[in-house]
Structure formats: structure tokens, C-alpha cells
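Here's a quick briefing to read with the model open beside you.

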Amino acid sequence: IFGLSPGMVGALRSLWAKEPVIATSLAIAALALVSPLLSPYSKYSGMINRATPYTYPGMEPEIPPKP
């Protein structure tokens, strides 16, 4: 399965047989870590973030007055 070694496949089957809730949560976590890398939206959001300036001309930072 997807180039996994036979020992890894056996460990995954054993985990699924003993603790399906933990196996499912690990699969969801792995999907959550990999999905932003595969998403086209992350490419465009990065482009927008690089194009948007952090500060705008004429804006003064909000510094509280000294007592």
C-alpha cells in the first residue's frame, strides 16, 4: 500500500484492530498536515500576503500616551 514496508502495514492493521479511534485520529492529523501543501489556495494566499504591505504610508503606530 503506497510503498509501505510489510512491517509498517502489519503495524497499521494491528493498530486499526486494537484502537480504531486512535488510528482514525492519527489519519485525520496526517491529512491536516499534508493538505495545505497540496492545496492551490495556500499558493495564492502566500502570494497575496507577500504583495500586501505590512504598514501603509501615513499610518502612525498606535502608541499609548505616557502617564
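By class, the largest pocket is lined by six nonpolar residues, no polar ones and one charged residue. Keep in mind that this is a predicted model. The space in that pocket comes to about 160 Å³.

**Who lines the pocket**
- If you want to click through the lining of the largest pocket, pick L12, R13, L15, W16, A23, L26 and A27.
- Helix α1 gives the most to the lining, with four residues.

**How the two helices pack**
- Helix α1 covers residues 6–18 and helix α2 covers residues 20–38.
- Their axes sit 5 Å apart, and the packing angle is about 125°.

**Where they touch**
- On the α1 side, the contact is made by L15, W16 and K18.
- Across from them in α2 you'll find P20, A23, T24 and L26.
- Sorted by class, this contact of α1 with α2 has five nonpolar residues, one polar and one charged.

**What the record says**
- UniProt, in an unreviewed entry, lists residues 20–38 as "transmembrane region".
- In the model, residues 20–38 are 100% helix and 0% strand.
- From end to end, the C-alpha atoms of that span lie 26 Å apart.

Key:
Residues are numbered from 1 along each chain as its sequence is written. This is a predicted model: local features need pLDDT of at least 70, side-chain atom pairs count only at pLDDT 80 or more; totals for chains, interfaces and linings use all residues. Side-chain values use heavy atoms; hydrogens and water are left out. Axes are lines fitted to C-alpha atoms, for helices over the stretch in contact, and angles run from 0 to 180 degrees between N-to-C directions. Contact means heavy atoms within 4.5 Å. Ala, Val, Leu, Ile, Met, Phe, Trp, Tyr, Cys and Pro count as nonpolar, Asp, Glu, Lys and Arg as charged, and the others, Gly among them, as polar. On a 1 Å grid over the protein atoms alone, a cavity is a set of points where a 1.4 Å probe fits but cannot get out, and a pocket is an open set with protein on both sides within 12 Å along at least five of seven lines; lining residues have an atom within 4 Å of a point. Grid points are joined across faces, edges and corners, and a volume is the space filled by probe spheres set on the points. UniProt positions are given in the numbering used here, feature names are shortened, and annotations may be inferred rather than shown by experiment.
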